[in-house]
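Open the model in your viewer and keep the selection panel at hand. The tour below goes stop by stop.

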Amino acid sequence: MATIETLDEIDLQILRTLQRNAKLTTKELAEAVHLTPTPVFERQKRLERRDYIKKYVAILNPEKLGQNLLVFVKVKLKQINHEIANAFERRIKRLPEVIECYNTSGQYDYLLKVRARDMQQYQEFVLNKLGEVENLASLESMFVMSEVKQSFGINI
């Protein structure tokens, strides 16, 4: 089990600030946390090395890119063991329509977050890609009607 190391308030401020805008220069980040650039640069590099910061990404607008349909798919497998789970996960990782995948407890084994252009493309995805997955027992699609809240950060 991983131990949680203690971060000071400056480290937490750096993380909070970068969650809001990862494009800040070191100078801008230093101003935001009221330090000079050199210690902020060193702290940021340490946070990256210690995997507090996993990566920096651009968040794209799916509607502008024609990916208007968002679907959460609950997946149940016929049976599950390490081999079956690993095979399923390898297959899912290769499907570009699946933008997130979680192994869950409860009635379903996995929860997928899927983006598609429209209902027709989603239907083709289900029939031609998900439907080909071995050991698939059932899936339940939940179509997102509107996005109420979306956050890309964590509360720290």
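Partly exposed means a relative accessible area between the two cut-offs: under 20% is buried and over 50% is exposed. Glu 140 has 32% relative accessibility, so Glu 140 counts as partly exposed. Bear in mind that this is a predicted model.

**Stop 1**

Is Lys 74 buried, partly exposed or exposed? Its relative accessible area is 21%, so Lys 74 is partly exposed.

**Stop 2: two loops joined**

Select Glu 97 and Lys 129. The side chains of Glu 97 and Lys 129 form a salt bridge, with an N to O distance of 2.7 Å. This pair also links distant parts of the chain. Glu 97 is in the loop between helix H4 (82–93) and strand E2 (98–103). Lys 129 is in the loop between H5 and E4, and 32 residues separate the two. Now colour by accessibility. Glu 97 is buried, with a relative accessible area of 13%. Lys 129 is partly exposed, at 29%.

**Stop 3**

Select Lys 113 and Glu 100. They form a salt bridge, and the closest N and O atoms are 3.4 Å apart. Lys 113 has 12% relative accessibility and counts as buried. Glu 100 is partly exposed, with a relative accessible area of 28%.

**Stop 4: a charged network**

Select Asp 8, Asp 11, Arg 43 and Arg 46 together. A network of salt bridges links these four residues. How many salt bridges does a search of the whole structure find? The search finds 9.

**Stop 5: helices H1 and H2**

Show residues 9–20 and 26–33 as cartoon. These are helix H1 and helix H2. Two packed helices are described by the angle between their axes and the distance between the axes. Here the axes come within 10 Å and cross at roughly 125°. That angle makes H1 oblique to H2. Which hand does the crossing have? H1 passes H2 in a right-handed crossing.

**Stop 6: two positive phi angles**

Turn to the backbone. Most residues other than glycine have a negative phi. Select His 34, in the loop between H2 and H3. His 34 is not a glycine, yet has a positive phi of about 65°. His 34 is exposed, with a relative accessible area of 68%.

Next, select Asn 135. Asn 135 lies in the loop between helix H5 (119–128) and strand E4 (136–143). Asn 135 is not a glycine either, and its phi is positive, about 65°. How accessible is Asn 135? Its relative accessible area is 23%, so Asn 135 is partly exposed.

**Stop 7**

Where is Ile 59? Ile 59 lies in the loop between helix H3 (37–49) and strand E1 (69–77). Ile 59 is exposed, with a relative accessible area of 52%.

**Stop 8: two C-alpha distances**

Select Ala 87, in helix H4. Ala 87 is partly exposed, with a relative accessible area of 36%. Draw a distance from its C-alpha to that of Glu 134. The two C-alpha atoms are separated by 8.6 Å, while the residues are 47 apart along the chain.

Finish at Gly 106, in the loop between E2 and E3. Gly 106 has 67% relative accessibility and counts as exposed.

Terms used. Residues numbered from 1 in each chain as written. Predicted model: local features only at pLDDT ≥ 70, side-chain atom pairs only at ≥ 80, totals over all residues. Heavy atoms only, no water. Helix = DSSP H or I, 4+ residues; strand = E, 2+ residues; numbered from the N terminus. Buried < 20%, exposed > 50% of the residue type's maximum accessible area, 1.4 Å probe, protein only. Axes fitted to C-alpha atoms, helices over the stretch in contact; angles between N-to-C directions. Parallel < 35°, antiparallel > 145°, perpendicular 65-115°, else oblique. Left-handed = near helix turned anticlockwise from the far one by under 90°.
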